[in-house]
Amino acid sequence: MAATFVNLFAIKSFNSPRLADLQTGSVHPRSLINHNRRVLVVKASESKNEWPIKKTQMSDAECEAAVVAGNAPFAPPVPPLPASPSGTPVVSPLPLSRRPRRNRRSPVFRAAFQETSLTPANFVYPLFIHEGEEDTPIGAMPGCYRLGWRHGLVEEVARARDVGVNSIVLFPKVPDALKSPTGDEAYNDNGLVPRTIRLLKDKYPDLIIYTDVALDPYSSDGHDGIVREDGVIMNDETVHQLCKQAVSQARAGADVVSPSDMMDGRIGAIRSALDAEGFSHVSIMSYTAKYASSFYGPFREALDSNPRFGDKKTYQMNPGNYREALIETREDESEGADILLVKPGLPYLDIIRLLRDNSSLPIAAYQVSGEYSMIKAGGVLKMIDEEKVMLESLMCLHRAGADIILTYFALQAARSLCGEKR
């Protein structure tokens, strides 16, 4: 049985002349228990679970005097050392001056010393939109939809805002009849994207809207630029179209235009075009290091924007290249980019860190459709814990140096993070 402790804080009255004796230690507290002439109760606590301890109404001086007299109030005993399992060898402690595990030994310690923390403010939510009224599921991306721009989109944005995600990026599914070799629909002021921006800004004025600047959703060839008859992607002519597209989006109310085309010189040209039209307040997030990756497949299904021929390797970066990302970084910085983006995300953590270490600009990472779909598939097959892998993957992107993350998990992850905090 645990030792018995006298709980001085259970004394109900302190008007007895014996209090002075108690304070000086000349009378043991137990001698007061059966004293019929005084209303005193001294309780011997047998258990450390008797909470809450009631206040005694003693003054500070009386409390201090009791302690000085050796009559300290009750406190639980030192707990016994936990027993080791049978068969544990008896060894001398290792002569270690530093044991990193000390700072990991409890959830409170781990939380206190955690170097990287995710919040919903770190997420930008990519949303697919189309002209229809209904929300159409995207087969290769479970949980994602082509949202009706007037109804489903507005409802999804409301759900995201409810959990702290207040930044979105729009990707349109354009009707085939509006596509052309030069992608002129990209800068139609009454096109799907400008209409959607105006609707959202009317409903949610403080919503941060990123837009995609590229011709592939509008091109009958499915490429990010104008295609010459010999298959060459025309750089400067494409940049001319991109400038008109960016200005149209800014005119509608876009906060950040995001050139994802990878044409040379487009950041400087777009910056000049925006400034000339009075949109110097509109930011540019450049897809600085966008690789010719195989992780984009589900996205192209979502927008029906696969190239009609060939691939995108003459303008998107070679996945085997590292130093080349620095060239793109320096060019984009010098031309006026406000944010630098790496795409894809998790397979390119080294590139995220490279940009983080070599630029003072904010860094973005795009957790692309293939990354999203792999985690979803693994969860469905019960091969991984979807929720934990989702959050870990986002944490890794943030830890590598990404200030913001474009992710299809934005709503799900934000809900999870809000749940953890509650």
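User: Which residues gather in a patch of positive charge on the surface?

Analyst: Welcome! The patch is made of Arg98, Arg99, Arg101, Arg102, Arg104 and Arg105. This is a predicted model, where local features need pLDDT of at least 70, side-chain atom pairs count only at pLDDT 80 or more, and totals for chains, interfaces and linings use all residues. Residues are numbered from 1 along each chain as its sequence is written, and side-chain values use heavy atoms, with hydrogens and water left out.

User: What makes a group of residues a patch?

Analyst: Each member needs over 30% relative accessible area and no salt bridge; like charges are joined within 9 Å, and nonpolar side chains (Val, Leu, Ile, Met, Phe, Trp, Tyr) within 5 Å. Lys and Arg count as positive, Asp and Glu as negative, while His and the chain ends are not counted. A charge is placed at NZ of Lys, CZ of Arg, CG of Asp or CD of Glu.

User: Why does Arg98 count as exposed?

Analyst: Buried means under 20% relative accessible area, exposed over 50%, and partly exposed in between (1.4 Å probe, protein chains only). Arg98 has 69% relative accessibility, so the residue counts as exposed. Its place is the loop between α2 (60-68) and α3 (107-112); helices (H or I, at least four residues) and strands (E, at least two) are DSSP runs, numbered from the N terminus.

User: Which residues form a nonpolar patch on the surface?

Analyst: Leu381, Met383 and Ile384 do, with about 320 Å² of accessible area together. Such areas come from the Shrake-Rupley method with a 1.4 Å probe, and for residues only the protein chains shown count as cover. Met383 sits in the loop between α11 (369-380) and α12 (386-400) and, at 62% relative accessibility, counts as exposed.

User: Why is the meeting of Glu131 and Arg195 called a salt bridge?

Analyst: The term asks for a side-chain nitrogen of Lys or Arg within 4 Å of a carboxyl oxygen of Asp or Glu. For Glu131 and Arg195 the N to O distance is 2.6 Å, so the pair qualifies. Glu131 lies in the loop between β3 (123-130) and β4 (136-137) and Arg195 in helix α5 (residues 192-203), so the pair ties together parts that are 64 residues apart in sequence. Glu131 is partly exposed at 32%, whereas Arg195 is buried at 18%.

User: How many salt bridges does this rule give?

Analyst: The count comes to 18. Among them, Arg271 pairs with Asp338, the closest N and O atoms being 3.7 Å apart. Arg271 is in helix α7 (residues 266-276) and Asp338 in the loop between α9 (324-335) and β12 (339-343), so this pair ties together parts that are 67 residues apart in sequence. Arg271 is buried, with a relative accessible area of 12%, and Asp338 is partly exposed at 29%. Elsewhere, salt bridges that share partners join Asp216, Asp224, Lys290 and Lys312 into one network.

User: Is Thr288 buried or exposed?

Analyst: Thr288 has 0% relative accessibility, so this residue counts as buried. Thr288 belongs to strand β11 (residues 283-290).
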